[in-house]
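Here's a quick briefing to go with the model on your screen.

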Amino acid sequence: MEYTELSDYDLPAGVVTSWTPRADAGRWHQDPRDLSPGHEAHLRDSEPGSWIGSVLRVPGPYEPEPLRRAIHAWVSRHEVLRTTVTRDAGAGWRRVTAPAEAVAIRDLVVGDLTGDQVTALLPSLLADVSPTAWPHCVLATVVPEPAGPGSGDESFVLAFGADHSVMDAYSQLLWFEEIVSLYDAARRGVPDAELRALEVGSHVDFSADDRKLAMTLASDGEPVHRWLDFLGAGATFPRYGSDGITHPAADDAEAHRRQASRSEWLATTDQTDDLSARSRARGASAQSGVLALFAHAARRVHGIDRLRFVLPMHTRYAPQHAAAVGWYVGLCPVDLDLDGVDPVLRALDEGRDSGHVVDGTALTAAVERVHAAVAAGKPLVRYSFARIAELGGITDGPHLAVSYVDTRFVPGAERWSTWDARTLRSPAYGTDELYLWFLRTHDGLNVSARHPDTPEAHTAMDALVEELRACFRAFGTAGLSEAVA
């Protein structure tokens, strides 16, 4: 599993079809449930052409009618895909929702295209979503020419693009198993009512509850003060280092320069499992171990003793929301100081390039520092940052975000490699953001990143990735024993 832009996916030549939810204008009804503060902020601040999504190769032959029924069942199951907003001149945004039976899935055959044409066209189809115009999710298929009789490798590409107001990273991951299972069931002739049946919470309800909680915050309350203390003078978010890796755009051209995107494999499953076991033995999690190695690498190659970043974390606290589609994400401020902590790795033979071994005492200290830093910020995740920003006069946005997701226990994860499944993000622009996504999968540990497309940023990221790989080579490797300080 990797998290990349669609341009990095190997798209075949074939017949491209768009699949778009539609509903009659008269079937929408006014919905009294409030928008979350984050949703309102997204309506205000979102950039045109911004979307997230997923893509996979669906095993089996392409059958349009079962696919239509499968997509309709998916939209029916998740209320957030059937709701939108309208502008009320007197009171701002208002929600409207359509019942499942009012929704139809319309297909449009775009044409039989070459591979280059598909690669150029598909991102624009998926980017045809907006926070202010329904539908907020569109799908597309690419059906290649049959490989030949008896080849046994029938499949087609299915992808979707969605606006962030209705989708988060976990929703992207859940989609793979759900849509393949729905398609298989539809091909077997399972009735529509059975396809649509899924007891799952609604993100619309969650949004209303999120707003109620947000409105209990006060400008002199602890959550606001905690965030302002983290941001410091000027209420500005920290950047990665001080050597210009990220920086405010100097002019309009820099502000509109497309960011570089990369996906790198850092560790095998054995190496990742080794780090995880060592972290758990120290009362922490694999997340703490991975962040500890990230902090070690940042200090080793860029001289950064104190890392301050935003860690996105899920807000799926209620069981009914575990399998729901929606935007369930809060922000955790992390202030990690490794001053006084020895390097996590120690040279096997000082003065010779003969490999490294894990320093157990240093690893314990680093993991404990990370665990404490995350634990300190975690209580703030449940409170809407959009509301905190409003109360605290915060106008800046994150410049350094680091995410960790363990995907191994998501339904269907063991089949993602077979399906060539991948989560997607749209291109981003500018010079003032560095985002890192660490993904633990059945294949090991991957890091996806987007960063300024500048020589300085490329050099910095190359060095960071290589140092992280060097760290992991000391884990899960026969013959290397943990040093005892």
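For its 485 residues, a compact globule would come out with a radius of gyration near 23 Å, and this predicted protein has 23 Å, which agrees. That radius is taken over C-alpha atoms, with the globule rule being 2.2 Å times the number of residues to the power 0.38. Since this is a predicted model, local features need pLDDT of at least 70 and side-chain atom pairs count only at pLDDT 80 or more, while totals for chains, interfaces and linings use all residues. Residues are numbered from 1 along each chain as its sequence is written, and side-chain values use heavy atoms, leaving out hydrogens and water.

**Overall build**

- Along the principal axes, the C-alpha atoms fill a box of roughly 70 × 65 × 45 Å.
- The protein has 14 helices and 18 strands; these are DSSP runs numbered from the N terminus (helices H or I, at least four residues; strands E, at least two).
- Of the 485 residues, 53% count as buried, where buried means under 20% relative accessible area, exposed over 50%, and partly exposed in between (1.4 Å probe, protein chains only).
- Take the contacts (heavy atoms within 4.5 Å) with a separation of 6 or more: 81% of them come from residues 24 or more positions apart.

**The cores**

- The largest nonpolar core has 54 residues, and Tyr 240, Leu 307, Leu 436, Phe 438 and Leu 464 have the most contacts inside it.
- Helix α10 (residues 286-302) supplies the largest share of this core, 9 residues.
- Apart from it lies another core, of 48 residues, with Val 75, Leu 158, Val 166 and Trp 419 among them.
- A nonpolar core here is a set of buried Ala, Val, Leu, Ile, Met, Phe, Trp, Tyr and Cys residues joined through side-chain atoms within 4.5 Å.

**Around Tyr 240 and Leu 400**

- Leaving aside residues up to four places away in sequence, Tyr 240 touches Ile 245, Thr 246, Phe 294, Ala 298, His 302, Ile 304, Leu 307, Leu 400, Leu 434 and Leu 464.
- Leu 400 sits in strand β15 (residues 400-406) and counts as buried at 2% relative accessibility.
- Leu 400 and Gly 241 are 159 residues apart in sequence but 9.9 Å apart in space, C-alpha to C-alpha.

**Helix α10 and its partner α9**

- The axes of α9 (residues 269-281) and α10 come within 8 Å and cross at roughly 110°; axes are lines fitted to C-alpha atoms, for helices over the stretch in contact, with angles from 0 to 180 degrees between N-to-C directions.
- The two helices, α9 and α10, are therefore roughly perpendicular to each other (65 to 115 degrees; under 35 is roughly parallel, over 145 roughly antiparallel, and the rest oblique).
- Leu 275, Ser 276 and Ser 279 on the α9 side meet Ala 286, Gly 289, Val 290 and Leu 293 on the α10 side.
- The residues of this contact divide into 4 nonpolar, 3 polar and no charged (Ala, Val, Leu, Ile, Met, Phe, Trp, Tyr, Cys and Pro count as nonpolar, Asp, Glu, Lys and Arg as charged, and the others, Gly among them, as polar).
- Gln 287 also lies in α10 and is buried, with a relative accessible area of 15%.
- Beyond residues up to four places away in sequence, Gln 287 touches Leu 311, Val 374 and Tyr 404.

**Helices α7 and α12**

- α7 (residues 222-231) and α12 (residues 385-392) pack at an angle of about 80°, their axes 10 Å apart, so α7 and α12 are roughly perpendicular too.
- Pro 223, Val 224, Trp 227 and Leu 228 in α7 meet Phe 385, Ile 388, Leu 391 and Gly 392 in α12.
- That contact divides into 7 nonpolar, 1 polar and no charged residues.

- A cis peptide bond joins Trp 134 and Pro 135, with omega about 5°; Pro 135 is in the loop between α3 and β8 (137-143).
- Ala 235 has a positive phi of about 50° although it is not a glycine, and Ala 235 is buried at 15% relative accessibility.
- Asp 420 has a positive phi near 50° and is partly exposed, with a relative accessible area of 39%.
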